[in-house]
Amino acid sequence: LLGRTVETLVPESMRAAHRHHRTDYLDQPSVRTMGVGPILAGRRKDGTDFPAYITLTPIMSGGDLLIVAVIREAE
């Protein structure tokens, strides 16, 4: 994924909306817990989509904002 945006992991049909959601999230980052809220969608390396739970955790490192994401296939 080096040199690519996180949208690589998002189904193509959702990428434009995801860019907007990502911008909004970065304006007000907060912890988003896995399993709370809707089941989202991810995209595998082979191009297939899958239902996913996603946790987001903002952290500060050396004065930079980093977002840790954990993605797990929903059952």
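The largest pocket of this predicted model has a volume of about 920 Å³. Close to its centre, 29 lining residues are headed by Val 6, His 18, Leu 40, Ile 54 and Leu 56, the closest of them all. A pocket here is an open set of points on a 1 Å grid over the protein atoms alone, where a 1.4 Å probe fits and protein lies on both sides within 12 Å along at least five of seven lines; lining residues have an atom within 4 Å of a point. The volume is the space filled by probe spheres set on the points, which are joined across faces, edges and corners. Rolling a probe the size of a water molecule over the atoms shows where empty space is left.

Which elements supply the lining of the largest pocket? Helix α1, β1 (40-43), β2 (49-61) and β3 (64-73) each give at least two residues, and α1 gives the most, with six. By class, the lining has 19 nonpolar, seven polar and three charged residues. Nonpolar covers Ala, Val, Leu, Ile, Met, Phe, Trp, Tyr, Cys and Pro, charged covers Asp, Glu, Lys and Arg, and the others, Gly among them, are polar. Helices (H or I, at least four residues) and strands (E, at least two) are DSSP runs, numbered from the N terminus.

A word on reading the model: residues are numbered from 1 along each chain as its sequence is written. Because the model is predicted, local features need pLDDT of at least 70 and side-chain atom pairs count only at pLDDT 80 or more, while totals for chains, interfaces and linings use all residues; side-chain values use heavy atoms, without hydrogens and water.

Now to the salt bridges, of which the structure holds two. Each is a side-chain nitrogen of Lys or Arg within 4 Å of a carboxyl oxygen of Asp or Glu.

| Salt bridge | Closest N and O atoms |
|---|---|
| Glu 7 and Arg 22 | 2.9 Å |
| Arg 44 and Glu 73 | 3.0 Å |

Arg 44 sits in the loop between β1 and β2 and Glu 73 in strand β3, 29 residues apart, so this pair links distant parts of the chain. Arg 44, at 31%, is partly exposed, and so is Glu 73, at 42%.

On the surface, Leu 26, Met 60, Leu 65 and Ile 67 form a nonpolar patch with about 360 Å² of accessible area together. Patch members have over 30% relative accessible area and no salt bridge; like charges are joined within 9 Å, and nonpolar side chains (Val, Leu, Ile, Met, Phe, Trp, Tyr) within 5 Å. The areas come from the Shrake-Rupley method with a 1.4 Å probe, and for residues only the protein chains shown count as cover. Leu 26 lies in helix α1 (residues 15-27) and is partly exposed at 42%. Met 60, in strand β2, counts as exposed because its relative accessibility is 58%.

Notes. Buried means under 20% relative accessible area, exposed over 50%, partly exposed in between (1.4 Å probe, protein chains only).
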